Amino acid sequence: CWAAFSLPPTFSHSMAATISPLYLLFASEPAPSTPSASLAASCCSSSPVAPHLVRGRTHCRWRLRVITCKSEAATDVDGKPSLANRPWKIADTRLLLEDGSIWKGKSFGARGTQVGEVVFNTSLTGYQEILTDPSYAGQFVLMTNPHIGNTGVNFDDEESGQCFLAGLLIRSLSHCVSSWRAKYTLADYLAKRNVMGIYDVDTRAITRRLREDGSLIGTLSTDSTKTDDELLYIARSWNIIGKDLITGVTCTEPYEWIDTTQEGWEFSKNAQTEGSNRFHVVAYDFGIKHNILRRLTSHGCKVTVVPSTWPASKVIEMNPDGIFLSNGPGDPSAIPYAVKTVRQIAGKVPVFGICMGHQLLGQALGGKTFKMKFGHHGGNHPVRQLQTGRVEISSQNHNFAVDPKTLPEGVEVTHINLNDGSCAGLSYPSMKVMSLQYHPESSPGPHDADPAFYEFVQLMRQNRVEH
C-alpha cells in the first residue's frame, strides 16, 4: 500500500450516523524512489467524490479500493446523545466552595449531595484511620498525598464503628489493591458506609486556596439537576462555628473497654512493664478513637467510657483514679455542658485531655478558644516540649485552639507547635491537670508522643500515694 487517505463528509451533530469512505491506493509495481506521481482529490459538501489520479512519468499500474466505514452515535431512551458506553469514567461530580469556585471531578463511593467544611490533611498514610476518626464529623478531608487507596481497607485499622466525615477529596484513586490485609477497595468501602468521594480533582490548587484564604465550606454533589447557584447557596448557608457535633458521635451508654494494643504491634517498653497494677480511668467520649482506648489499657488502665453528657456527680461516684477527656469534632464553645462538667471534676482526681479535651480544659480553667485559619491536620507536625526542649513529630486534627494569653495564673503552657507557635499543651500542677492539643496515640502517625500516657499513669500513681 503506497498511499491511503480518507475523505469524510461534512459532519453535523444532528446526524445519527455517518458514512466515511476510505480510499486505498495500491501500486502493482514498486513505486519509484523519487516518484513524480501525485494524487489529487476533490469533494463536494454533500457527498464525497473519488479522487482523480494524475500519472506522471511512472510505469506503475494503479488500483483503487474503496472501503466504507459506518459509525453510529450512542443515544439514550429519549434519543439524546449518551455517554454511558464510554470505557472511561467522565467528570460527574462538582465541589462548590463558598468563595464561588467550582471544582469538577469523578465520583466514587456514595452519591448525592453533602455539605461540610473543607480541610486538608498532610498524612502520607492512614487514610482508613482518618475516615473513621469521629473528629472529622462535618468536614470534607482533602488528602495532599496524591495517590490514595492502594492498600485497600481492612477491619483492624478502623478507629470507630463508622465513618463520620462528610466526604473524601483525592487526586488519584487507586483501582488496584496491594495488601494481604485488605478486605475491600476504598471505593467499595465508602459506598457501603454511604460516604461520598471525588477524585481527579486538583487537590494541590485547592490546598493552596485553603492555605491562603482559610478553611472554606463546600458542597459536594453528583446531582446534575441541581444548579451551581443552588449548591453555592447550600455552602453559604452552613457554618461549623457554634454547631454541636459531639452529640452525633458520642456513645449513648457507658461501657467497659478491655482491648490492648496487640502484642505484635506494641512498641512501648513502659506499656509492657505495667503488669497488673491497674488504674481505673473514666473516659469521656466526645468522639474517642479505638487506639486511644488501647493505649490506656496497654499502660495499665481499666477504662470505663461514658457519654459526653454524663453528669460529673456520677463519674465521681465511680471512684476513678483518673479522668480522660477525649478528642472530638467541631467548636468547643458549642458544648457548654461539657465545659461545666470539666469544671466540676477538675482538681478532684488527675485529669488528662487531648484535642477537644484539651480545649475544654482550657475553657474550664478560665481561658478562651478561637478558630484557626486552616487548622492542623496531618501526621507530621513538630511540637516542642518547653520544659525539656524535646521535639516530637505529632499527629494532629483540630481547627480550634486555646489562646494562652487568656489563661489564668498557675496554668502553664507545656508544649508549642513549631509551625505557628500555637499552644499545644497545658498543665495545672496544683489541680493535677495535663492536656495535649494533638494525638499521642498517633493513629495514623509517629509514636513520639506516646510517653504522655505513661505520664498520666505516673500522675495517678502519685495521687494514689498521697491519698
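A cavity here is a set of grid points where a 1.4 Å probe fits but cannot get out. Keep that in mind for the first stop. The model is predicted.

**Stop 1: the cavities**

Search the whole structure and three cavities of 30 Å³ or more turn up. Go to the largest cavity. About 110 Å³ of space lies inside. Its lining has 15 residues. Select Gly-328, Gly-330, Asn-397, His-398 and Asn-399, the lining residues closest to the centre. Now colour helix H9 (356-364) and E21; each gives the lining at least two residues. Which element supplies the largest share of the lining? That is E21, with four residues.

**Stop 2: the sheet**

Stay with E21 and bring up the sheet around it. The sheet is open and has ten strands, with mixed pairing. Trace the order: E15-E17-E16-E18-E19-E24-E23-E22-E20-E21. Select strand E15 (255-257) and strand E21 (391-403). These stand at the edges. Each has a single partner strand, so one side of each is left without a neighbour in the sheet. From one strand to the next, the twist averages 25°.

Next, select strand E20 (residues 368-385) together with E21. They pair in the antiparallel sense, over eleven bridges. Pick Lys-368 and look across to E21: its bridge partner there is Asp-403.

**Stop 3: two helices on the sheet**

Show helix H6 (residues 290-298). H6 packs on the sheet and touches E15, strand E16 (279-285), strand E17 (301-307), strand E18 (322-325) and strand E19 (351-354). Look along E17: the direction of H6 makes about 145° with that of E17.

**Stop 4: Asn-154**

Leave the sheet and centre on Asn-154. The residue sits in the loop between strand E10 (147-148) and strand E11 (167-169). Is Asn-154 buried or exposed? Its relative accessibility is 7%. Buried means under 20%, so Asn-154 counts as buried.

Show the side chain of Asn-154. One of its polar atoms lies 3.1 Å from the backbone nitrogen of Asp-157. A polar contact of 3.4 Å also joins the side chains of Asn-154 and Arg-181. Finish by selecting the residues that Asn-154 touches, leaving aside those up to four places away in sequence: Gln-128, Arg-181, Ala-182 and Lys-183.

Conventions: Residues are numbered from 1 along each chain as its sequence is written. This is a predicted model: local features need pLDDT of at least 70, side-chain atom pairs count only at pLDDT 80 or more; totals for chains, interfaces and linings use all residues. Side-chain values use heavy atoms; hydrogens and water are left out. Two strands pair if DSSP finds at least two bridges between them. Axes are lines fitted to C-alpha atoms, for helices over the stretch in contact, and angles run from 0 to 180 degrees between N-to-C directions. Contact means heavy atoms within 4.5 Å. Buried means under 20% relative accessible area, exposed over 50%, partly exposed in between (1.4 Å probe, protein chains only). A polar contact is a pair of N or O atoms within 3.5 Å; within protein, one must be able to donate a hydrogen and the other to accept it, and residues adjacent in sequence count only if both atoms are side-chain atoms. On a 1 Å grid over the protein atoms alone, a cavity is a set of points where a 1.4 Å probe fits but cannot get out, and a pocket is an open set with protein on both sides within 12 Å along at least five of seven lines; lining residues have an atom within 4 Å of a point. Grid points are joined across faces, edges and corners, and a volume is the space filled by probe spheres set on the points.
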